[in-house]
Amino acid sequence: MTTKFTKDHEWLRQDGEAWTVGITDHAQNALGDVVFVDLPEPGRVVEAGEAIAVVESVKAASDVYAPIAGKVVEVNAALVDDPALINQSPTDAGWFFRIAPSGALPDDLMDSDAYARHVESAT
Amino acid sequence: MSAAEFAALEDQGEFIRRHIGPGEAEIAAMLAAVGAESLEALVARTVPAGIRGVDLSALPPPTNEAGALAELRALAEANQVKRSLIGLGYHGTRTPPVILRNILENPGWYTAYTPYQAEIAQGRLEALVNFQTMIAELTGLPVAGASLLDEATAAAEAVTLAHGQHKAKSDALVVADDLHPQTLAVVRVRAEPVGIRVVVAPVAGLAATIAAEKPFAVLTQYPGTEGALRDIAPEIAAAHAAGALAIVAADPLALTLVTPPGELGADIVVGTSQRFGVPLGYGGPHAGFIAVKDALKRALPGRLVGVSVDAHGAPAMRLALQTREQHIRREKATSNICTAQVLLAVMAGMYAVWHGPEGLRRIARRVNLGARLLAGASRFGLRHASFFDTVVFETGAETDAVMAAALAAGFNLRRLDGAVAVALDETVTGAELATLARLLGGSIAAPKGGLPDGLARTTPFCTAEVFNSHHAEHSMLRYMKRLEDKDVALNRSMIPLGSCTMKLNATAEMIPVTFPGFAEIHPFAPVEQAQGYLRMIRTLEGWLCAVTGFAAVSLQPNAGSQGEYAGLLAIRAFHRANGQGHRDICLIPSSAHGTNPASAVMAGMKVVVTACDRDGNVDLDDLRAKADQHKDRLAALMVTYPSTHGVYEEAIREICAIIHAHGGQVYMDGANMNAQVGLTSPAAIGADVCHLNLHKTFCIPHGGGGPGVGPIGVAAHLAPHLPNHPLVAEAGPATGFGPVSAAPFGSAAILPISYAYIRMMGAEGLTRATEVAILNANYLAARLAPHFPILYRGAQGMVAHECILDCRGFGQGGGVLVEDIAKRLQDYGFHAPTMSWPVNGTLMVEPTESETKAELDRFAEAMIAIRGEIRAIEQGRADKADNVLKNAPHTAEEVAGDAWSHPYTRQQAAFPLPWVRAAKYWPPVKRVDNVHGDRNLACTCAPLEAYAERQFMQAAE
């Protein structure tokens, strides 16, 4: 099971046919306590790089992008009632949505080492 | 000789010394501390020589308080106070004297700042929750904001909110043709730049137009502008069937008797709360309102107060969902609104507290009966059988005669096409009703018409305890005092908010605001009756032209953000008039106020952010590259001067020249104008248009978060493109782009404040005020520099009128964050400086010229003492988690409690310096939990039942 990362501080993990997407520990830490998420409609067809969700803390609001093109097959409805899951478990219970890809993955996705260097260089 | 001596002993320049805090000896001591020989030498080291110079010879020599008051009294008396029954959203009202004196005329309320520091603003936050509760219940919607600028802009905000929500991306807005004309005009101005098409439809054809246009929203008035009251449920249903949101502009007094729009299905309800006890004031300031369905609350424009808990779990209020707002979202914000109308919203909420639901209903029933009696008395036919307070009489050929006879009898009515409208209000007496009946050819007998069947309100409103317990004056007086005492305002201590210019709001400046000759004029009264206002407005415009170096000024914008928007619209109109309508790129430095990008988007421009260098200055190379890259589409640059980092940038003239060379115009954000007046000017730095914040530089108080006045000044080539008004020709050039505010001169009633200030200061006093503002900031920088790094300085080591204290280094050693310092200042009795803006983790301090050296020293001592407290943590002498900073603020309940578990003493908590003891301010709550509040949003008072239950539970314990 491979996990990949985007420069926008999202992770994606292959889960059968679909990829599960969330924000990284670094991202949740930068946002602080999350108070609200807005998730896409299941079934929506999305482009890679399209802003399809919103995550808000008391001090910041940020778009969450579809890292790959495809169709949203499932969203994590638990986040709506308990957005703190994103802080508590960003890479597990705090997942955002699953996308069934419609083509090849973008070639700028990073592995965990590359992402760690990306975070290092950005701070 | 003796007469000349007598005249000389009248001290005409007295006010200059009252307004400017430090006296000669203090100034000398502070100059020594900053290492300058004189004020002039200090200025020479601070302000670049290339931009110095402004001609203030147009300003009269200063007069003292008595002189200014006499002059303003004469101007007020040059207005003719008639009984204005014109309506159009402005109605006579009786301001309860207890509210007039204890809120509107009380510095404890009017000198407070926007409640960003929630712990020391619980009083006005509670008053705003009252307002939100009242609006939510009257409109029948669950969430109401803490006020907008006026009814027309509230409608425009609702329109853009709906536009942003619409999934099918329609650009059509359907508007019923019985909307107030000024609302329609403001909506049209707001709609056009963002590509919204406004389709006006007759009421009868509304459903068909909605079905045909498939709009994103439908906007109707309830009751209509002519007073007609109809069931709007079918048109709301038609809107929903077409996939549109239903926006209703409603009269809150009518809503005490008729079914609220929320119950009829409306998604958004807007309006003005003016008739709830706020004087007409020739158009403002008044609190506009907006209420929305729950699903829209995250798109609500403007401030919203929410109830949360403090660190001990006690209920505490604070501004909620701030991520909606421009200071976080910038160009993605739902609106550019920043300053609102807090003081007026507080008044309107208190009006409901004072009268209670029964009182409000009685007032409404009396207004309605007056209208019905007049309808029954008139020999003229009625245009509309159903109405609340406004009756239209078909006077036909006799219209002129009726209007003239009414005027002769002291009444302003509204002339319609072949008809006359009379809008009743709570001030109309029985005798006046009889006179009106006679003017309409009859006498008072049986009532006629009125509220239509089936539209009677059946649901209660204002059920919370607060609206049902302060009907005795003592109770009301003490309730308002209790709230006032919870807050820190300028009558308690300095409020050193960078970029906010919390200077003196002198009593002599405030007194004319409630002169009847200013307070009781309807904005659409015939201009012959407002000659005193017009004279004051023209004079003030002339003075502001001198101060800015510009050719023309519009006083219409009601806030700095609205000034930005108006100024950018002027630039847009100028480009279009020159065949350059494709110019739509707005360059904005990354250090700009969040309102700048939000305003640019509203003006139809695309924002391109330019970089700042390490010293906080505009990066010239990046600016040049971006100006060149976009030279074919460059519309404007928005630049703040002195910069938001508190520095007079040396390159400002070059910056402006680059923009002009690439075909753009320069918009100067006037937030920091207090560092320019008399020394330089927007024209001198090369700008084409600027706004001024009269509520910063020119002494209008902040009112706890409004009112504001944000006039714009423009160079001659932009003068034809200033705002104007469809109902009052005098408001602006005929070639203007239309109105940005509901009222022709914006918030005219508070212009006497700025008039009085300039009149009492004169050129000499204004210039000296700027010099001392610079001195005070440099003095604080000099005193605090050994303890806190000062982040930015000008070329010769000086700061402008404010300075930034870098607090980012304290996190590493002791874990202290800037927020901890801000909250700890509350224990010392101070409002924190501007926090984490423009640089995260810093405090920006602006002392203004009005603070004495003694007060500056007190503040410096507090900051230095706090630095000592931080050092104790850093050195391990204080616990890293349980210390005076992390636990700040400390309440009386906590400090006087039987249990005390902290490793520091109660004395250290509450009385950290000797002088704190002398006038201790007790923060009423512990640190407010923002996260809890935003996760569990609650924006209204608990209803009576919940209160009763709580009392019962407490009694049982």
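Two residues are in contact if their C-beta atoms, placed from the backbone, lie within 7 Å.

## The model and its numbering

This is a predicted model, in which local features need pLDDT of at least 70, side-chain atom pairs count only at pLDDT 80 or more, and totals for chains, interfaces and linings use all residues. Residues are numbered from 1 along each chain as its sequence is written, while chains are lettered from A and ligands numbered from 1 in the order in which they are written.

## Where the chains touch

Chain B brings nine residues to the contact. Chain A brings eight residues. On the side of chain B that touches chain A, helix H13 (326-329) and helix H33 (930-935) each supply at least two residues. Helices (H or I, at least four residues) and strands (E, at least two) are DSSP runs, numbered from the N terminus. H33(B) gives the most to this side, with four residues.

What kinds of residues make up the side of chain B that touches chain A? Two are nonpolar, three polar and four charged. Here Ala, Val, Leu, Ile, Met, Phe, Trp, Tyr, Cys and Pro count as nonpolar, Asp, Glu, Lys and Arg as charged, and the others, Gly among them, as polar.

## Chain A

Chain A has four helices and nine strands. Read from the N terminus, the order is β-β-β-α-β-β-β-β-β-α-α-β-α. The radius of gyration of chain A is 13 Å, close to the 14 Å that the globule rule gives for 123 residues, so chain A is as compact as a globular protein of that length. That radius is taken over C-alpha atoms, and the globule rule is 2.2 Å times the number of residues to the power 0.38.

The C-alpha atoms of chain A fill a box of roughly 35 × 35 × 25 Å along the principal axes. Of its 123 residues, 38% count as buried. A residue is buried if 20 or more other C-beta atoms lie within 10 Å of its own, exposed if 12 or fewer, and partly exposed in between, with C-beta atoms placed from the backbone. Among contacts in chain A with a separation of 6 or more, 60% join residues 24 or more positions apart.

## Tyr115 in chain A

Tyr115(A) sits in helix H4 (residues 112-122) of chain A. Tyr115(A) is buried, because 21 other C-beta atoms lie within 10 Å. Neighbours within four places in sequence aside, Tyr115(A) is in contact with Phe5(A) and Met110(A). Phe5(A) is 110 residues away along the chain, yet the C-alpha atoms of Tyr115(A) and Phe5(A) are separated by 6.3 Å.

## Chain B

Chain B has 34 helices and 25 strands. Buried residues make up 61% of the chain. Of the contacts in chain B with a separation of 6 or more, 79% are between residues 24 or more positions apart.

## A helix pair in chain B

Two packed helices are described by the angle between their axes and the distance between the axes. Helix H3 (residues 24-34) and helix H26 (residues 751-784) of chain B pack at about 50 degrees, with axes 9 Å apart. Axes are lines fitted to C-alpha atoms, for helices over the stretch in contact, and angles run from 0 to 180 degrees between N-to-C directions. H3(B) and H26(B) are therefore oblique to each other. Angles under 35 degrees count as roughly parallel, over 145 as roughly antiparallel, 65 to 115 as roughly perpendicular and the rest as oblique.

Residues of H3(B), including Ile27(B) and Leu31(B), meet residues of H26(B), including Val772(B) and Tyr779(B). This contact divides into nine nonpolar residues, one polar and one charged.
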